[in-house]
Amino acid sequence: MKILSYQSFSLYANGGGNRILRRLYQGHENDVVSLAIEAGYYKSITGAIEEKIIPASPRRRPWMKWRSRDIATWIREKPLRQYTMNRIRQEFRAIDCDVVHIMSCGPWSTALCNEEALAGRELWISAHDHFSTTQCPFKDASLLWNRADRRLVISPELGNEYQHLFGHLPYELVTDGVLENEISAPADALHEPFIIYFAGLLHIEYIPLFRVLADALDLLTKKGISFNLVFRGTQQLPFLKDRSFKTTYLPVSLDNVVLKKDLDAASILYLPIKFVDPDFYRFSLSTKMVGYLGAPGSILYHGPHDSAAGRLLRETRSAISCNSLEAAEMVTSILYLINEKNSISSNAKELVRNRFSLEGIQKRFWQEGTGQPGKKKHEDIVPLGIGFP
């Protein structure tokens, strides 16, 4: 079975959707060809999967101010949208595949959802975030959902929302996962300085949360507790200068071995979820969270009480949560985490084995697809089977 993976980003860029697809395809790289559309500046990175990147015109440039960015976006997504769609279809004609796997993201998501592209092929779609947060129009998200032979969603909350909006069709839960040999035993003890770790994209909406974290660490330092706040692959934050705790910045890395060493060294895995945009936090699950679950340290969740990630971690007691932007509450959460580290980390290991086993996710992804339209029997997947009251 040969898969054409089509998405609005390179598989080898830094991001959650990119990581999910790389992990799904791991071990089957010769069975996949990637076709990516990029709207902004990108540095081409080659990997084990053959990939063709199509730039959408006019491209977003680093020097563009907000008004010029908005004008370029309008031109790209309105007058030139069909031109870009035609370029994607032209590139696709030279690719041999049995399955078209589309990540529902961006204004060009339906470029390959037509009779020519799907003739004799099965259509799989993946939804990593709610369509309203990914520049995918409602009608395009609906078309993909109803046309697909297979629907892969990141959370039961998103799957249920799409069933409500687009039609009660079955879906499967497919997200990032952790290999058995990537799961570390809970740390016996935490030692100062406590390493607080964050990796991945740092969106501007996260800044208020990091300010609260920094203020809380200053207060805890005054109590005689030492910390090292470690960032992997982010920009530097000016407001962290001249703080009472240490801050370390590490470069971007897509190397799983390097990232595993980071996780094993961390005492606290910081998981911020922005408080703005309910369509984002109510339906998305952070791939960062999944990797954190297998670490020996414990997760510190910081975000809305009713987010998909927050609810899952709370119900399984796999993290300590702070649901406010008050430094005093963050101080309380960190102290509680330090005292309850073993039980929190142990619960996280049970969760990752029940829900996020990469071996199981990959097996379902590859074995349940037939590559033949109409030949696959769909069944709803029960999302959780975890032994907690």
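How do the helices α5 and α6 lie to each other, roughly parallel or roughly perpendicular? I will come to that pair in a moment.

First, the ground rules. This is a predicted model, so local features need pLDDT of at least 70 and side-chain atom pairs count only at pLDDT 80 or more, while totals for chains, interfaces and linings use all residues. Residues are numbered from 1 along each chain as its sequence is written, and side-chain values use heavy atoms, with hydrogens and water left out. Helices (H or I, at least four residues) and strands (E, at least two) are DSSP runs, numbered from the N terminus.

Now the helix pair. The axes of α5 (residues 138-147) and α6 (residues 156-166) come within 10 Å and cross at roughly 100°. Axes here are lines fitted to C-alpha atoms, for helices over the stretch in contact, and angles run from 0 to 180 degrees between N-to-C directions. The two helices are therefore roughly perpendicular to each other. On the scale used, angles under 35 degrees count as roughly parallel, over 145 as roughly antiparallel, 65 to 115 as roughly perpendicular and the rest as oblique. From α5 the contact takes in Phe 138, Ala 141, Ser 142, Trp 145 and Asn 146, and from α6 it takes in Gly 159, Tyr 162, Gln 163, Leu 165 and Phe 166. Contact means heavy atoms within 4.5 Å. By class, this contact has six nonpolar, four polar and no charged residues. For the classes, Ala, Val, Leu, Ile, Met, Phe, Trp, Tyr, Cys and Pro count as nonpolar, Asp, Glu, Lys and Arg as charged, and the others, Gly among them, as polar.

Another helix pair is α1 (residues 16-25) with α14 (residues 358-367), whose axes come within 9 Å and cross at roughly 75°. α1 and α14 are therefore roughly perpendicular to each other. Arg 23, Leu 24 and Tyr 25 of α1 meet Leu 358, Ile 361, Gln 362, Phe 365 and Trp 366 of α14. That contact has six nonpolar, one polar and one charged residues.

Next, the sheets. Seven strands make an open sheet with parallel pairing, in the order β3-β2-β1-β4-β5-β6-β7. β3 (50-60) and β7 (172-173) are at the edges with a single partner strand each, so one side of each has no neighbour in the sheet. Two strands pair if DSSP finds at least two bridges between them. Inside this sheet, β4 (residues 99-103) and β5 (residues 122-127) pair in the parallel sense over five bridges, and Met 103 has Ser 126 in β5 as its bridge partner.

Six strands form an open sheet in the order β10-β9-β8-β11-β12-β13, again with parallel pairing. Here β10 and β13 (319-322) are at the edges, each with a single partner strand, so one side of each is without a neighbour in the sheet. Direction ignored, neighbouring strands of this sheet are turned by 25° against each other on average. β8 (residues 194-199) and β9 pair in the parallel sense over six bridges, and the partner of Tyr 197 in β9 is Val 230.

A cavity is a set of points on a 1 Å grid over the protein atoms alone where a 1.4 Å probe fits but cannot get out, and lining residues have an atom within 4 Å of a point. The bridge partners Met 103 and Ser 126 are both in the lining, along with Ile 20, Ala 127, His 128, Leu 152, Val 153, Ile 154 and Val 174. β5 and β6 (150-153) each supply at least two lining residues. The lining has seven nonpolar, two polar and no charged residues.

Last, some backbone details. The peptide bond from Ser 57 to Pro 58 is cis, with omega near -10°, and Pro 58 is in strand β3. The bond from Glu 192 to Pro 193 is also cis, with omega near -5°; Pro 193 lies in the loop between β7 and β8. Asp 242 is not a glycine but has a positive phi of about 60°, and its place is in the loop between β9 and β10.

Methods. 1 Å grid on protein atoms, 1.4 Å probe; cavity = no way out; pocket = protein on both sides within 12 Å on 5 of 7 lines; lining within 4 Å.
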